[in-house]
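Student: I have a model open and want to go through its side-chain contacts. Can we start with the rings?
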Amino acid sequence: QVQLVESGGGLVQPGGSLRLSCAASGNIFSIYAMGWYRQAPGKQRELVAAITNGGSTNYADSVKGRFTISRDNAKNTVYLQMNSLKPEDTAVYYCNADLSVRPGHRYTYWGQGTQVTVSS
C-alpha cells in the first residue's frame with residue numbers, strides 16, 4: 001500500500017513564505033514524477049508544479065518565479081518552496097506521485113491535502 005503524507009501548510013501573510021513537504025511510503029518500486037496541485041473553493045484542481053525523476057520541472061504560469069519544486073529521490077520526498085505568497089494562492093494543496101509498485105504497473109497516487117491560507 002502506498003501513502004503520500006503532506007506537511008507544511010498553514011496561515012501566512014501576503015508576501016510571506018511556506019515550504020510544503022510530501023513523503024511517499026509503502027511498497028514502492030519506482031517513482032517517475034511527483035507534483036503539487038491545488039484547489040481553491042469553487043474552482044477546479046490545477047497543476048502548480050511537477051518534477052520528474054530526472055529533475056525536469058514544470059510550473060503553472062501563475063507561480064513561476066515565486067515557487068520552486070524540488071525532490072529528494074533517496075527519501076521519496078518532494079518539496080514546494082513558496083515565496084512571495086498572494087491571497088490568490090489560498091487553496092488546499094495536494095501532492096501526487098506517478099509511480100509503480102512492481103514492474104509493469106503504473107498509477108498516480110494522491111495525498112490528503114494541506115490547507116494554505118494567505119491572508120493579513
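Tutor: This is a predicted model. The structure holds 2 aromatic pairs.

Student: How are the rings of Tyr37 and Trp110 arranged?

Tutor: Their centres are 5.0 Å apart and the planes meet at 65 degrees, so the pair is edge-to-face. An angle over 60 degrees counts as edge-to-face.

Student: Which strands do they lie in?

Tutor: Tyr37 is in strand S4 (residues 30–39) and Trp110 in strand S10 (residues 107–110), so the pair ties together parts that are 73 residues apart in sequence. Tyr37 is partly exposed, at 24% relative accessible area, and Trp110 is partly exposed too, at 38%.

Student: And what about Tyr107 and Tyr109?

Tutor: Those rings have centres 5.0 Å apart and planes at 75 degrees, so this pair is edge-to-face. Tyr109 is buried, with a relative accessible area of 19%.

Student: New topic, charges. Which ring does the charged end of Arg45 sit over?

Tutor: The ring of Tyr94, at 3.8 Å from its centre. Arg106 lies over the face of Tyr32, 3.9 Å from the ring centre.

Student: Backbone next. What is the phi of Asn76?

Tutor: Positive, about 50 degrees, although Asn76 is not a glycine. Asn76 lies in the loop between strand S7 (67–72) and strand S8 (77–82), and is partly exposed at 25% relative accessibility.

Student: Where is Ser84?

Tutor: In the loop between S8 and strand S9 (91–100). Ser84 is not a glycine, yet has a positive phi of about 50 degrees. Its relative accessible area is 41%, which counts as partly exposed.

How values were computed: Residues numbered from 1 in each chain as written. Predicted model: local features only at pLDDT ≥ 70, side-chain atom pairs only at ≥ 80, totals over all residues. Heavy atoms only, no water. Phe/Tyr/Trp six-rings, centres within 6.5 Å; stacked < 30°, edge-to-face > 60°. Helix = DSSP H or I, 4+ residues; strand = E, 2+ residues; numbered from the N terminus. Buried < 20%, exposed > 50% of the residue type's maximum accessible area, 1.4 Å probe, protein only. Lys NZ or Arg CZ within 6 Å of the ring centre and 35° of its normal.
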